[in-house]
Protein chains: 8
Amino acid sequence: MTPDELRILLERVRQGSTPVDAAFVALERLPFSELGYAKVDHHRGLRLGFPEVVLGEGKRSEQIVGIVRRLLESGENVLVTRVSELQAAEVLKELPDLRYGSLARTLSFEHVPVVPAAGPPVAVVTAGTSDIPVAEEALETLRLCAIPAQRVFDVGVAGLHRLLGRLDVLGAAPAVIVIAGMEGALPSVVGGLVGVPVIAVPTSVGYGTAFSGLTALLGMLTSCASGVTVVNIDNGFGAAVAVVRMLRRGGAQ
Amino acid sequence: MTPDELRILLERVRQGSTPVDAAFVALERLPFSELGYAKVDHHRGLRLGFPEVVLGEGKRSEQIVGIVRRLLESGENVLVTRVSELQAAEVLKELPDLRYGSLARTLSFEHVPVVPAAGPPVAVVTAGTSDIPVAEEALETLRLCAIPAQRVFDVGVAGLHRLLGRLDVLGAAPAVIVIAGMEGALPSVVGGLVGVPVIAVPTSVGYGTAFSGLTALLGMLTSCASGVTVVNIDNGFGAAVAVVRMLRRGGAQ
Amino acid sequence: MTPDELRILLERVRQGSTPVDAAFVALERLPFSELGYAKVDHHRGLRLGFPEVVLGEGKRSEQIVGIVRRLLESGENVLVTRVSELQAAEVLKELPDLRYGSLARTLSFEHVPVVPAAGPPVAVVTAGTSDIPVAEEALETLRLCAIPAQRVFDVGVAGLHRLLGRLDVLGAAPAVIVIAGMEGALPSVVGGLVGVPVIAVPTSVGYGTAFSGLTALLGMLTSCASGVTVVNIDNGFGAAVAVVRMLRRGGAQ
Amino acid sequence: MTPDELRILLERVRQGSTPVDAAFVALERLPFSELGYAKVDHHRGLRLGFPEVVLGEGKRSEQIVGIVRRLLESGENVLVTRVSELQAAEVLKELPDLRYGSLARTLSFEHVPVVPAAGPPVAVVTAGTSDIPVAEEALETLRLCAIPAQRVFDVGVAGLHRLLGRLDVLGAAPAVIVIAGMEGALPSVVGGLVGVPVIAVPTSVGYGTAFSGLTALLGMLTSCASGVTVVNIDNGFGAAVAVVRMLRRGGAQ
Amino acid sequence: MTPDELRILLERVRQGSTPVDAAFVALERLPFSELGYAKVDHHRGLRLGFPEVVLGEGKRSEQIVGIVRRLLESGENVLVTRVSELQAAEVLKELPDLRYGSLARTLSFEHVPVVPAAGPPVAVVTAGTSDIPVAEEALETLRLCAIPAQRVFDVGVAGLHRLLGRLDVLGAAPAVIVIAGMEGALPSVVGGLVGVPVIAVPTSVGYGTAFSGLTALLGMLTSCASGVTVVNIDNGFGAAVAVVRMLRRGGAQ
Amino acid sequence: MTPDELRILLERVRQGSTPVDAAFVALERLPFSELGYAKVDHHRGLRLGFPEVVLGEGKRSEQIVGIVRRLLESGENVLVTRVSELQAAEVLKELPDLRYGSLARTLSFEHVPVVPAAGPPVAVVTAGTSDIPVAEEALETLRLCAIPAQRVFDVGVAGLHRLLGRLDVLGAAPAVIVIAGMEGALPSVVGGLVGVPVIAVPTSVGYGTAFSGLTALLGMLTSCASGVTVVNIDNGFGAAVAVVRMLRRGGAQ
Amino acid sequence: MTPDELRILLERVRQGSTPVDAAFVALERLPFSELGYAKVDHHRGLRLGFPEVVLGEGKRSEQIVGIVRRLLESGENVLVTRVSELQAAEVLKELPDLRYGSLARTLSFEHVPVVPAAGPPVAVVTAGTSDIPVAEEALETLRLCAIPAQRVFDVGVAGLHRLLGRLDVLGAAPAVIVIAGMEGALPSVVGGLVGVPVIAVPTSVGYGTAFSGLTALLGMLTSCASGVTVVNIDNGFGAAVAVVRMLRRGGAQ
Amino acid sequence: MTPDELRILLERVRQGSTPVDAAFVALERLPFSELGYAKVDHHRGLRLGFPEVVLGEGKRSEQIVGIVRRLLESGENVLVTRVSELQAAEVLKELPDLRYGSLARTLSFEHVPVVPAAGPPVAVVTAGTSDIPVAEEALETLRLCAIPAQRVFDVGVAGLHRLLGRLDVLGAAPAVIVIAGMEGALPSVVGGLVGVPVIAVPTSVGYGTAFSGLTALLGMLTSCASGVTVVNIDNGFGAAVAVVRMLRRGGAQ
């Protein structure tokens with residue numbers, strides 16, 4: 001219920017066109033309708049052209065199909081993340097119009113192609129080639145949110161000159177997503193070189209003491225470069241949404 | 001060395017007013033001067049009125065005094081974080097003009113009082129009263145960076161109505177810093193209610209399975225609300241600098 | 001053996017109607033029969049129509065078949081938990097009358113259908129759809145114990161309005177089982193909203209820092225809502241038995 | 001706002017005695033007032049004579065004094081938990097009427113002495129004498145909630161006969177709180193012997209591999225006795241509140 | 001109650017020489033009397049001249065005094081372990097006849113001096129000098145159990161020749177207690193050199209990755225020498241009791 | 001080289017019957033020959049009829065075949081532990097005379113059947129049926145060492161009466177191996193009931209907070225029953241060898 | 001750009017043969033070219049005949065093929081590490097000239113066979129046979145770097161005489177790589193016996209408390225033998241490169 | 001006993017100038033004397049002017065005094081590491097000629113001042129000023145071993161230009177010790193820039209997720225720069241000894 005709708009209802013009660021009992025019923029559950037409204041409003045805020053996002057991992061293929069169908073019927077764009085090749089094959093049998101990104105492990109659908117907004121691109125940086133799938137998940141998320149982005153791949157700290165050669169791109173970006181596994185040192189270096197927002201994504205790349213991303217995660221959280229923030233291991237999607245939150249902030253929302 | 005300085009040097013070589021040997025010496029270390037320059041540039045970007053920040057923890061009082069003295073002489077504002085009462089007393093004996101915030105555990109000095117910028121305030125939210133010191137560290141950092149901020153304290157998830165009553169403040173903020181110990185659930189709830197950037201700070205508040213902030217940290221990283229980012233345990237300063245990175249981004253930097 | 005039965009036996013020995021040898025046999029294992037009795041009594045207390053429960057995980061199919069056969073022969077209802085699809089197929093070949101719940105991963109058999117007791121239902125709450133298998137295990141356990149229950153699914157803290165719309169159900173329940181993975185924040189929120197017993201079940205849902213349920217577990221144990229209790233990760237069965245212990249408490253047991 | 005108040009307000013709008021604008025203002029924040037109300041209602045539910053509980057740990061003495069003063073002025077009983085001897089001394093200087101339980105580490109005040117309810121006592125069981133402080137915290141909490149309780153101390157599994165001699169007390173209790181450090185095996189044994197609700201409290205008693213209670217905690221969560229639930233390490237207060245939730249459930253609440 | 005006693009009792013009931021009521025009383029608590037008896041028997045088995053052992057850590061000095069007084073009055077020897085210097089001073093004020101071993105951190109009292117049994121001594125081996133307090137706790141325990149023992153100190157694997165020079169002592173011992181901190185490698189080496197029972201005690205000696213004894217503990221449990229068994233970190237007492245269990249085994253017990 | 005041999009050698013040098021150069025060669029490597037000898041002696045000590053034991057896990061089938069062949073040729077009995085069904089099938093193709101115990105996961109061969117020694121049997125105790133494979137590994141090891149043993153299975157603490165009914169067997173055993181997963185409480189209970197050596201084996205049985213045996217391990221190490229010793233998770237073989245060390249100790253070794 | 005090239009460029013500017021604008025363009029990116037140069041120089045230093053090394057794990061077979069093709073075209077020798085049998089088969093289909101070492105799990109190619117340098121061989125030591133694959137990875141790396149090496153396998157601390165018999169080889173080596181799983185005690189023993197550089201490699205060999213190499217790792221880091229250094233779990237390649245760094249140090253690099 | 005001494009002894013036996021009995025006594029402990037010899041030889045190898053090193057931590061002051069006295073009497077230089085200010089004061093009372101380095105926390109004594117060897121200095125690099133104490137421990141160790149060293153302090157990755165400006169020093173060093181706390185990223189960067197041996201020392205500098213050096217340790221072990229080796233947390237001494245092992249390698253040892 002919007003403020004306007006509330007005012008109209010009260011006006012109708014005053015005029016007698018709505019009986020007190022009917023108004024009572026409409027209002028007694030207001031808290032939750034209102035909260036639902038706020039929630040919807042928030043959703044709208046996040047979602048100017050933004051797809052509904054479904055976490056594919058841990059869901060059965062038929063559950064994914066069901067959820068996606070409902071979203072498509074309501075006219076929304078769709079993004080499903082963390083979809084295995086097996087899941088994708090099963091879903092695509094039912095919903096052949098979806099697009100599967102095998103690197104990003106995403107399924108997506110756009111009713112109308114999303115056009116990237118103007119402005120300098122977000123930099124999506126990886127330390128190594130094995131971190132690319134996480135980067136692609138972030139990139140696909142940004143793409144569906146109409147946020148322009150640029151790949152800066154394979155610039156890990158063991159070959160620093162590769163990173164230093166791309167500083168202009170990083171310094172001009174509205175935000176930098178830095179994706180690294182192993183010891184996860186790259187965000188510290190980037191955060192010391194550029195003053196823009198740096199969102200660090202640890203990946204599960206590495207073996208032994210990499211501990212499936214834990215070492216990269218702890219390294220990033222303990223970064224000696226101030227103001228670097230961190231998301232869950234392999235969470236390219238989350239990093240992209242953090243960027244969406246930032247860039248939408250100044251908008252009409 | 002700036003591009004202009006480089007061009008002038010080359011011009012002088014061409015004119016013969018600078019011998020090749022002297023130019024050689026000036027240029028052979030260019031990489032590092034240039035990098036130093038880039039670094040300074042970045043610092044300048046971060047530092048329009050921004051104080052040099054010193055981590056007090058693990059430093060001897062005389063070390064802090066020495067570093068602060070050098071900063072004061074170069075005319076910079078100063079912020080020292082994680083300063084114990086004992087350290088503060090020792091430093092204040094030598095540098096009585098510094099101001100000690102006993103809650104924030106910061107020492108600071110402004111040559112000229114910092115005036116907050118215009119615009120809606122950043123919301124600094126705590127789950128409980130024991131989280132306030134971390135919030136005050138963030139607030140002092142924001143204050144010295146001229147970023148307006150507003151306290152929203154003691155709105156933890158065990159008393160949800162307290163939080164819901166402040167949603168307007170949170171939804172209007174350019175960013176929200178959410179500080180919580182124990183199970184660290186507050187950022188998930190806030191991130192589900194507002195679409196603005198949410199930076200989560202786990203605190204070491206709690207006992208037993210709180211594991212000195214580890215539980216809150218893991219909870220925040222695993223948040224089911226998308227796009228929440230996280231900093232180190234008790235790192236109010238880092239969360240504030242992340243906000244500075246965001247808000248400076250669109251500016252003159 | 002009850003005290004009355006013991007007294008009767010002794011009386012019969014005195015009267016000569018029970019020979020000493022027969023009494024000796026009955027009594028020589030008394031310590032253990034007694035303890036067994038206490039145990040049986042406890043079992044009976046727990047088991048008014050309650051099935052014997054077998055943990056299927058880690059057992060070979062032929063072991064499950066053997067145990068179930070013995071139970072069926074003694075006329076008891078049967079519940080086998082954590083049964084994989086493969087195990088189920090093998091067991092069902094031998095015992096085709098059992099029912100396999102593929103979501104709950106349970107095998108069960110009722111000699112006579114269990115009729116739910118009267119009274120308000122226990123609320124079984126999940127944060128997300130991936131938590132549903134754990135909920136179904138709890139529900140199947142409650143069903144076989146004749147305890148009425150109600151599903152309140154997919155009401156995680158990232159969409160708080162969904163939970164708030166169901167508060168009436170939760171507040172009226174004799175107990176609430178709250179099942180959540182990822183950061184496990186839901187029990188804290190529920191525990192702050194309703195005063196009834198809240199039993200939290202962490203699930204292994206999530207990736208990266210979810211650490212297979214450890215993060216949810218720690219979050220629940222560290223809950224800022226007082227009086228929330230916790231069971232093992234994914235232990236829907238255990239949560240249901242905890243409810244059985246509570247609701248049987250006031251009964252004839 | 002109660003349902004009755006809402007109905008009266010609407011009636012007044014209909015009658016014209018309350019203008020639409022005034023009603024609008026009253027209603028537009030209804031969600032949160034309502035939620036606040038629900039929260040208060042819940043509090044009332046939990047709090048028939050129940051004291052406000054303050055966690056003393058991590059608070060300054062003057063903060064404790066301030067909070068307790070406000071509670072006393074509103075006529076509520078008070079319980080402060082995890083209060084060190086130093087804190088207690090400082091608080092008692094300001095509020096000499098409070099009572100400090102040095103074992104339980106609680107400060108409390110009753111405006112009118114709380115009289116225990118009728119019925120069989122809750123059993124508060126400890127494995128060893130070093131677990132007693134945690135037990136006393138639980139007992140003091142139960143006492144202020146008018147719930148009768150009985151001590152069953154020092155009955156750890158290394159001397160099983162001590163426990164077996166008290167089975168009658170445990171089996172008759174409406175709930176059993178089992179408190180144990182070291183390997184935390186006692187709840188498994190108790191849970192296998194009696195069918196009543198068992199709430200396990202791990203304690204930080206022990207050294208080396210006791211890991212400050214972690215080992216006891218993990219053991220209790222992994223208990224082979226079904227339906228045992230667990231709270232945070234050393235959390236005697238939380239276990240007591242869990243019992244309050246159970247026993248209040250069937251009552252006038 | 002033995003089987004024979006039970007048969008006699010029943011015979012007497014049959015003959016009328018024991019009334020049913022008396023038999024009932026004798027039998028109704030049989031489980032626990034029996035268990036109690038077994039327990040006492042076990043205690044006696046362990047305790048031929050063996051002192052009651054009290055864990056001092058975590059107990060208040062007055063508690064220690066109370067327990068020791070009771071033991072002294074019943075004529076038993078006494079051993080209190082893990083007693084700090086402060087605790088010792090307070091206890092000795094009340095009980096000046098006790099002896100405090102400041103290295104072993106034990107308080108002990110013998111009514112009649114314990115005379116060591118005949119036979120080859122148990123070898124108590126340490127890797128370094130910092131492990132000696134744990135060794136002394138083991139030695140004091142063995143001494144009070146009349147088991148002869150021999151010190152083999154400071155023979156860690158970084159100076160293997162020291163160990164090899166003492167192999168004769170180790171190979172002749174009925175059991176070897178090997179105490180080591182840091183990486184805890186010594187038991188593997190000893191276990192590979194001698195075929196006698198090896199009980200490994202990790203100590204909290206070391207820093208950094210020693211993790212307060214965890215590394216030594218894990219190393220000992222993972223020993224490539226078969227048949228090495230392990231006790232808790234710093235648990236010299238436990239290792240000694242394990243030896244007592246072995247050596248008493250063949251005795252009159 | 002024995003002392004006597006050394007004396008003879010020196011005598012021969014003195015007499016000139018052995019040249020200095022030959023004596024030099026014999027003596028310069030003495031340390032290692034001597035050590036090798038000691039080692040062989042130790043092996044003989046451990047190996048009166050004892051098979052060479054090979055850890056199958058992590059070895060290729062052809063490696064196992066090669067090692068076993070060499071052992072068979074030298075006339076030794078053979079025990080291979082932790083052999084998967086796949087490995088076993090491959091090895092049995094080459095060495096069809098070996099016997100595979102599919103529960104124990106062992107391959108073994110006896111040139112002459114091992115006859116158990118006289119005396120009371122070692123008790124091999126399990127908490128549940130899923131712990132049986134570990135028990136069978138211990139039993140097979142004991143069997144090949146000619147040590148009599150007895151199964152006491154499925155007597156976990158959740159059904160204490162089952163354990164209490166077997167106390168006579170446990171109390172008469174020269175040693176008890178107690179095997180338990182989940183919370184690993186059984187050794188504490190057994191250790192409190194009998195005074196014989198108790199060797200605890202944690203197993204990886206359980207899920208969630210069982211953490212693949214870590215919880216059972218920690219519980220056993222932290223046992224409140226004194227003198228219980230512990231081996232690696234699932235290490236039935238190691239527990240059996242610890243018993244061999246004990247029982248061989250008093251023998252001819 | 002080399003110093004000489006810089007000097008020539010400046011000379012040309014002075015002479016007017018290179019215009020200022022062209023020199024400006026060449027120099028403005030000097031930092032990164034220079035750094036790139038330093039990097040190349042470093043590579044050259046490490047790479048006198050040294051192959052480019054590719055980590056195969058986590059890469060798709062077609063990625064490996066692509067990278068190797070590029071390296072082959074530029075005339076470099078190639079080493080790919082951590083290549084599974086499946087990956088190897090797929091790569092060999094495309095690049096049949098590569099050699100797959102199935103123990104070492106490496107793919108390699110030499111344009112011209114690498115000839116080992118003169119001098120005493122590096123000792124590559126393993127505790128057990130299951131550690132051999134890690135050793136072979138190190139050996140293959142050393143081989144391609146022309147560093148002579150010698151195998152000293154299966155000399156774990158449980159059979160110390162095997163190690164002592166090889167001390168001459170170890171003491172003469174320019175460096176010793178010690179590879180051990182389980183408790184990882186071997187480097188401590190070796191480090192106490194020889195004064196040459198000891199590089200310890202923990203392996204994931206073992207089960208239970210071996211924790212996939214963590215226990216060996218911690219043991220090695222906590223070694224009581226001074227100056228032992230450690231690399232990642234199973235990282236034979238890294239240990240070999242550490243040796244290359246040492247031995248190249250004094251060379252022409 | 002050296003080979004020469006052995007040959008002389010045998011010659012004397014042959015000549016009759018040494019009786020067989022005396023030779024027997026000298027030789028019967030040869031294994032251990034030999035081993036001792038090897039050990040001494042190794043010590044000598046390590047110790048050309050090298051002090052005996054004593055770990056002060058965990059030792060009582062009187063123990064330190066005793067050990068140092070014995071060393072001084074035998075004419076050796078002395079180094080005691082990890083000595084607290086309190087310990088130092090107590091030791092200096094007894095041994096006022098020792099020198100206490102309050103930053104390095106070392107006590108040392110040189111009979112004759114140690115003169116640094118010729119050659120380029122080892123670089124001792126720290127990320128921050130709080131890492132300096134660990135560096136000073138390394139430097140003091142190197143100094144007493146006559147190895148020249150150079151400080152390169154405060155060049156952490158958050159200000160990369162500081163490091164890049166010192167590359168010449170690092171590239172020319174025979175070895176680089178890189179000391180860093182927090183995320184420990186510096187060794188990866190250094191290892192990617194220079195080809196010399198890099199020994200990484202994690203420090204306990206940092207808070208929260210620094211976990212007392214664990215994060216830095218894991219990061220260093222997982223370094224993406226090949227051939228970096230790692231020592232224990234805060235172990236400056238160990239890193240220095242690793243360098244000694246390398247540099248002595250090529251020498252007369």
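## Close-up views of a predicted assembly

**View 1. The surroundings of G:Thr215.** Setting aside neighbours within four places in sequence, G:Thr215 is in contact with E:Leu218, E:Gly219 and E:Thr222 of chain E, and with G:Met182, G:Glu183, G:Thr209 and G:Ala210 of its own chain. Please keep in mind that this is a predicted model. The residue sits in helix H10 of chain G, which covers residues 214–221. Is G:Thr215 buried or exposed? With a relative accessible area of 2%, G:Thr215 is buried, because anything under 20% counts as such.

**View 2. Where chain E meets chain F.** Here 36 residues of chain E are in contact with 36 residues of chain F. Together the two chains bury about 2,900 Å², and 60% of that area is on carbon and sulfur atoms. The rule finds 10 residue pairs in polar contact across this interface, counting pairs with both residues at pLDDT 80 or more, while the number of salt bridges it finds there is 0.

**View 3. The side of chain E that touches chain F.** Which elements supply at least two residues each to this side of chain E? They are helices H3 (30–46), H9 (186–193), H10 (214–221) and H11 (236–249), joined by strands S8 (198–202) and S9 (229–230). H11(E) gives the most, with 8 residues. Sorted by class, this side of chain E has 22 nonpolar residues, 11 polar ones and 3 charged ones.

**View 4. Chains E and F as a pair of copies.** Chain E can be superposed on chain F by a rotation of 179 degrees, with 0.0 Å of shift along the axis and an RMSD of 0.5 Å. The two copies are thus related as by a two-fold rotation axis. What share of the interface residues of chain E are also interface residues in chain F? The share is 100%, so the copies meet through the same surface.

**View 5. Chains B and H, and the residue of chain B closest to their axis.** For this pair, a rotation of 88 degrees with 0.4 Å of shift along its axis superposes chain B on chain H, at an RMSD of 0.9 Å. These two copies are therefore related as by a four-fold rotation axis. Which residue of chain B comes closest to the rotation axis? Look for B:Phe211, whose C-alpha lies 8.1 Å from the axis.

Conventions. Residues numbered from 1 in each chain as written. Chains lettered and ligands numbered in written order. Predicted model: local features only at pLDDT ≥ 70, side-chain atom pairs only at ≥ 80, totals over all residues. Heavy atoms only, no water. Contact = heavy atoms within 4.5 Å. Buried area = accessible area lost by both parts, 1.4 Å probe. Salt bridge = Lys/Arg side-chain N within 4 Å of Asp/Glu carboxyl O. Polar contact = N/O pair within 3.5 Å; in protein donor to acceptor, adjacent residues only side chain to side chain. Helix = DSSP H or I, 4+ residues; strand = E, 2+ residues; numbered from the N terminus. Nonpolar A, V, L, I, M, F, W, Y, C, P; charged D, E, K, R; others polar. Least-squares fit on C-alpha atoms with pLDDT ≥ 70 in both. Buried < 20%, exposed > 50% of the residue type's maximum accessible area, 1.4 Å probe, protein only.
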